[in-house]
Amino acid sequence: MSKNNEEQGFKNVRELINDIGVQMNIPEMCRLRLMECERELTIHFPVKMDDGRVEVFTGFRVVHNDSRGPSKGGIRYHPDVNLDEVRTLAALMTLKTAVANIPYGGAKGAVICNPKIMSQSELERLTRRYASDIAIMIGPEKDIPAPDVGTNPRVMAWIMDTYSMGKGYSVPSVVTGKPLEIGGSTGRFEATGRGCMVSALLAAKHLHIDPQEATVVVQGCGNVGAVTADLLAKEGCRITAISDSKGGVYNPKGLNLESVFNHKKETGSVIGARNTEEVTNAELLELKCDILVVAALENAIVRTNAPAVKAKIIIEGANGPTTPEADKILLDKGVFLVPDILANAGGVIVSYLEWVQGLQSFYWDETEVNKYLGDLMTNAFNQVLCIREDEKVDMRKAAYMVALRRLAVAMTTRGIFP
Ligand code: NAD
């Protein structure tokens, strides 16, 4: 990632918060607060590697805002992650929890590392040391981490155990996205993809597109992309292409997803799956389709490729996949874009359900969890759509308006201490 990009993400979110906030007459004190992160921790910590060397890693935990409740946000392990990216993702979490109307603020954490080349024991030592260093910030009533790119339920279990050892008793609700056996929620693994599926179907309904006739292209074949593809296929959509970091596969008649996923499991990539032709990641985004799900990383759709996007609907499964310049181009082309803070809220919604279940030590079955998820996603989507129609704005702006209104009410109701 270039230095320019490194400094860009948070600036973009700040500008949106300020511009939309001014138009909505949001009090200045609220705008100013939302344009900064409340708390930021940067740590440099040693980890013993398997070959006996000691490596020093850099990690972050950033709380953007906790006016509406404890802060919530995932932990990313990635070689290119930086503080600006963590601030951006933390701010998006504040907006996302407000759009979903769940009683949380926003946070994010990260460690600069490449989990793909580390052993399980190195990852465990790194995670436990990171958890121990951020223990001053996290806690079930203050800041609750979850998985993100490069982390998974196993990593959450290590964080929960490390935090609990420090306290002297088990604290399951300090993290969400845990394995089921130690207090995870049914449906959490699929939650973000399920929320994307719900958003895609609601967007299709709004545009009078029959899911049975719809073609879908998916960028990213991880937790979000693979689950969204699978669930949309189960709803009758034809998934014509999917990709991972190495490239994509395409079949205009529809992919056999089971065979593509098995191929990825066996070889590490979707490329070469049976009955598919290879496409580059750049080509994939420009394929003709009704629904394009972008579920990889930031800045997938930019000024240069936005004019070539042919999808009618874009579902932002990833956080920040469209740059502001690309956003304008897509809007002019009439693309119906469901923004990240709405489209991928399913993950944090089921994290909230997991947290609630943990706090009351009473667990629900998957049908119940999926029903809550479906209801909360549908309410959020309809509220944003309503504002879009009333205010004659695009879906991203409408989602920011819903979020900023709720945040402003919370901040002004609480007032400023002292
Ligand atoms: P993941 O690590 O499980 O999957 C990421 C996928 O993207 C992998 O298949 C990877 O190969 C692929 N990828 C990476 N670079 C790519 C590129 N240039 N082109 C195509 N594919 C590429 O991560 P995830 O959990 O699925 O998260 C994906 C995005 O969704 C991230 O932006 C994350 O912040 C966001 N998100 C995740 C959750 C969640 O619950 N997992 C919730 C909300 C938002």
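Start by selecting the ligand and the residues around it: 21 residues form its surroundings, and R76, D148, T192, S245 and N319 are the closest. A residue belongs here if one of its heavy atoms lies within 4 Å of the molecule. Before going further, note that this is a predicted model, in which local features need pLDDT of at least 70 and side-chain atom pairs count only at pLDDT 80 or more, while totals for chains, interfaces and linings use all residues. Residues are numbered from 1 along each chain as its sequence is written, and side-chain values use heavy atoms, with hydrogens and water left out.

Now colour that shell by residue class.

Next, colour by domain. Domain 1 (37–173) and domain 2 (191–343) each give at least three residues to the shell around the ligand; the bounds come from an automatic or database domain assignment. Then show helix 8 (223–234) and strand 7 (238–244), each of which supplies at least two shell residues. Helices (H or I, at least four residues) and strands (E, at least two) are DSSP runs, numbered from the N terminus.

Zoom in on the polar contacts, meaning pairs of N or O atoms within 3.5 Å. Polar backbone atoms of C221 and G222 each face a ligand oxygen atom, at 3.1 Å for C221 and 3.2 Å for G222. Select N281 as well: one of its polar side-chain atoms lies 3.1 Å from a ligand nitrogen atom. Taken alone the ligand exposes 820 Å², of which the protein buries 82% (Shrake-Rupley method, 1.4 Å probe).

Move on to strand 3 (residues 71–78), where 8 of 8 residues are buried, that is, under 20% relative accessible area with a 1.4 Å probe and protein chains only. Show strand 4 (residues 105–112) beside it: the two pair in the parallel sense over 6 bridges, where pairing takes at least two DSSP bridges. Look for H78, which stands opposite I112 of strand 4.

Two last stops are leucines. L41 sits in strand 1 (residues 39–48) and counts as buried because its relative accessibility is 18%.

Finally, pick L353 in helix 13 (residues 346–360). L353 counts as buried because its relative accessibility is 4%. R188 is 165 residues from L353 in sequence, with 9.0 Å between their C-alpha atoms.

Notes:
Polar contact = N/O pair within 3.5 Å; in protein donor to acceptor, adjacent residues only side chain to side chain. Buried < 20%, exposed > 50% of the residue type's maximum accessible area, 1.4 Å probe, protein only.
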